Amino acid sequence: MFVNNLRTAFEAIIANRLRSALTLLGIIIGVFSVTTIISLGDVATASITAELERVAAQQIFVTTDSEPGPPRPTTHADLSEADLEALAGLPVDIVRQQGSLAVATVAGTTIDLSLTGTTANAGDTIAMAQGSYFSEAEADAGDRVIVLSAETASALYGDGDPVGQTLDLAIAESKASYTVVGVEEPASGVFALFFGGSNLSADIPLETLYLLAPELPQGIYNQVKLQVPLDQDVAAVGAQVSAALDAQRGAGSYELQTVEGLTSLFDSLMLILQLVLGGIGAISLVVGGIGILNIMLVSVTERTREIGLRKALGARRSTIMQQFLIEAVVLTTLGGLIGLLLAVATLYVTVALVSFLSVVVINAVVVLLALGVSFATGIVFGLWPARRAASLSPIEALRYA
Amino acid sequence: MKVHALRGTELTIKRGSYTAIMGPSGSGKSTLLQILGGLDTPTSGSYRLAGEEVAQLRENDLAEVRNRRIGFVFQAFNLLPRMNVLDNVALPLMYAGVPRRERLGRSQVALGRVGLGERLRHRPNQLSGGQQQRVAIARALVTDPDIVLADEPTGNLDSSTGEDILALFDTLHAGGRTIVMVTHETAVADRAEQIVRLHDGRVDTIETVGVGIPIPITVGTPIPIFEEELNHVRQ
């Protein structure tokens, strides 16, 4: 009987092609918008995560909230060599970093830079577009060498090759001439979106920074990057670092960030967005459901005679009920399927067109949810019309003109 | 005050007989036919079909009675316009739970019996009125019921086509089926063995007509397996 009713449902839907299609529109739009919004959120999160893992998977950042100038009671002290001693024995390669503001000048072009004095091992995780990162020998000697970000290089030199060129750098009161040894790869993916065009930065050896700006405090760092070997678990090492630093300088006096921490932040932001937008999409599903309710009621009224005849020929109440319920469910599930296919197509097109999205994510849960919800919409909104159809008295129904 | 379509009616119809029900409109003839067919149940009184009290049956059992033991033929044919001829005829078999292949085979046989061996894939609206009524009769016969109930089966047909359909009923009767037909045409009723005249919800007269068509009851005394009594009393 189920198969027969299924056949009957398809016949009825095909017989009323235009009406079915218009009715389906509500469900299609509802499923399409909910699925697209949730999946786009997943795609964005996955793209960000992939990007973060590519650039910073094996890194732990330890930062303090200190600001340039004399220490204030509200802020915490920079990380000292003593703090870093506490990390000895942990499987991390420490990259000390001291930030400063600087002004760079090349042939009349002057720009403000965010300058970082750092150690040569910082170069281990930085991809270079031209030249190379400064070497350990250069760093130890305090040579006046500088590595530019891609944005800085193009701001100062345009399309020309900056490697081997010199530039004037002013830090606080001191001014000196530096040789460019390398240019970093431009930021790509999500980071290009967030930082593109404004990432005017450059790295010089820490020793050089000290030589040039002796007024800067030495042996303290407002950011330390810990590079974790590939065979180590970042989260586990992060916990060890936390324990060591808590014991050394007290909990809360520093911040520790890993990729996981960053991605979970993105995840929760994205979840809020998905819930809000998905909720709006869900409203159109309800509207679509009411459309189904309306059209099924029309269908029952229209086919009153048919129902009477079917009952006269021996159809049971449950059979008629099933027939109309299946028709509603077939209608909504069809709508759900179409909406889902449109959503998948949209996702592929979006990911292909938008450069910072890199991965298409179609969550099985989302797919099942979309189909499940459209199925349930058919049941919920088809039930009343189906009951109405089933409880028609055969003679009254046959009399209906 | 309640209005009763039928009251104080008592009627027995024997198996294999051919009964015509006549009467002016509003006399209760359609209601009587609907009660006989299990489409309606009397508010009071009793209706026994082959000894079984139908008024007491539950809805699903009533549906089964309609499905297996009774075939309906309507004035307006009542074919489903979306289905082809074969599927229309097969509809009662679907509700009887017969597999599709067998359904179509039996429907084809039933259509052959009413003289429609072709045009099986046509839609009802592609057929003439007479052909449509043949399809409806085939649908009434497809479950091989004992009883065929017809409500003005020639009412929508011209007289010569009506003749053909009535001849078909004669053949069914000759084949041993019990036929009850509602009509207002005397010429139609004259083909029956007995004519029940209703007036104002009561049986006025029951007239036995001498008919030329022999009824093949072969063994012993006729057993009244199909009988009905109606007692509608004004309350």
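Predicted model: local features only at pLDDT ≥ 70, side-chain atom pairs only at ≥ 80, totals over all residues.
**Gln165(A)**

I started by looking up where Gln165(A) sits. I found it in the loop of chain A that runs between α5 (150-157) and β7 (166-171). Next I checked what Gln165(A) touches, skipping residues up to four places away in sequence, and got Tyr157(A) and Val180(A). Val180(A) is 15 residues apart from Gln165(A) along the chain, and their C-alpha atoms are separated by 5.6 Å.

**Where chain A touches chain B**

I then turned to the contact between the chains. It takes 15 residues from chain A and 18 residues from chain B. Which elements of chain A give two or more residues to that side? I noted α1 (2-15), α10 (304-312), α11 (317-353) and α13 (394-399). The most comes from α10(A), with 4 residues. By class, I have the chain A side down as 7 nonpolar, 5 charged and 3 polar residues.

**Nonpolar cores**

Last, I looked up the cores. The largest nonpolar core has 114 residues, and Phe324(A), Ala328(A), Ile21(B), Val89(B), Ala138(B) and Leu149(B) have the most contacts inside it. I followed up Phe324(A): leaving aside neighbours within four places in sequence, its contacts are Met296(A), Val300(A), Gly382(A), Pro385(A), Ala386(A) and Ala389(A). Another core, of 26 residues, lies apart from the largest one, and I wrote down Ala104(A), Val183(A), Ile204(A) and Leu209(A) as being among its members. A general reminder to myself: nonpolar side chains tend to be buried together in soluble globular proteins.

Conventions. Residues numbered from 1 in each chain as written. Chains lettered and ligands numbered in written order. Contact = placed C-beta atoms within 7 Å. Nonpolar A, V, L, I, M, F, W, Y, C, P; charged D, E, K, R; others polar. Core = buried A, V, L, I, M, F, W, Y, C linked by C-beta atoms within 7 Å. Buried ≥ 20, exposed ≤ 12 C-beta atoms within 10 Å, placed from the backbone.
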